[in-house]
Amino acid sequence: LFGPHGTGKTYKVLETLDRIQGESPHSKNYVYHRGHLTPMGLFELIEEHSNEILVLDDVHLLFEQPLAQQLLLAALGNHVNGVRVVKYKRQGRDRKTVFHGGLICISNLDMNNSYNDPVLDALSSRTHIIRYEPNELEMEAVIRDLASKGWERNTGEHVFYLRPQQCQLVAD
């Protein structure tokens with residue numbers, strides 16, 4: 001999923017996953033990671049959360065790393081006998097995991113147009129690339145929906161809260 005910054009891509013993905021999976025914290029089957037991620041870190045995420053959806057946010061540099069590209073290709077590849085095996089070999093050690101999960105990558109950059117890389121072309125052929133560009137009315141609807149729920153922030157020392165009516169004033 002890619003689109004301009006500040007349009008609510010991450011919010012929409014996480015809110016949708018939460019809505020689909022229900023409100024119970026035990027029902028969540030996704031892991032959210034934002035920021036720097038090495039290829040080995042990617043492998044570890046795949047290995048540790050092999051039955052979950054990995055939501056990778058702002059990790060566009062990962063797409064420039066050949067090792068990460070290979071791991072993504074394996075994780076998203078065709079099923080062989082119903083499984084996707086992801087392998088990592090380094091310094092005489094072999095590691096492998098069977099990945100049953102899914103991947104959602106969120107970025108401001110269009111993977112198809114930001115790079116000129118045949119491996120990424122192969123990767124994009126295994127994915128659904130979605131451009132997220134809500135118009136002003138759609139953005140206003142999201143803001144009003146958020147305002148209708150009120151706002152709370154717990155810092156550990158203090159709890160800050162705004163009622164929905166107060167949030168609506170901010171939205172207006």
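How many positive and how many negative side chains does the protein have, and how far apart do the centres of the two sets lie? In this predicted model, there are 18 positive and 22 negative side chains, with 6 Å between the centres of the two sets.

**View 1. Overall arrangement of the protein.** Seven helices and seven strands make up the secondary structure, and from the N terminus on they follow the order α-β-α-β-α-β-β-β-α-α-α-β-β-α. Along the principal axes, the C-alpha atoms occupy a box of roughly 60 × 35 × 30 Å. Among contacts with a separation of 6 or more, 58% join residues 24 or more positions apart.

**View 2. Surface and burial.** The accessible surface amounts to about 11100 Å², and carbon and sulfur atoms account for 53% of this area, while 33% of the 172 residues count as buried.

**View 3. The largest nonpolar core.** This core contains 24 residues, and those with the most contacts inside it are Leu42, Leu54, Leu56 and Leu103. At least two of its residues come from each of α2 (39-48), β2 (53-57), α3 (66-76), β3 (85-90) and α5 (118-124), with α3 giving the most, namely six residues.

**View 4. Surroundings of Leu54.** When neighbours within four places in sequence are left aside, Leu54 is in contact with Val31, Leu45, Ile46, His49, Phe99, Gly102, Leu103 and Ile104.

Definitions and conventions. Residues numbered from 1 in each chain as written. Predicted model: local features only at pLDDT ≥ 70, side-chain atom pairs only at ≥ 80, totals over all residues. Heavy atoms only, no water. Helix = DSSP H or I, 4+ residues; strand = E, 2+ residues; numbered from the N terminus. Buried < 20%, exposed > 50% of the residue type's maximum accessible area, 1.4 Å probe, protein only. Contact = heavy atoms within 4.5 Å. Areas by Shrake-Rupley, 256 points an atom, 1.4 Å probe, with all protein chains shown as cover. Lys, Arg positive; Asp, Glu negative; His and termini not counted. Charge placed at Lys NZ, Arg CZ, Asp CG, Glu CD. Core = buried A, V, L, I, M, F, W, Y, C linked by side-chain atoms within 4.5 Å.
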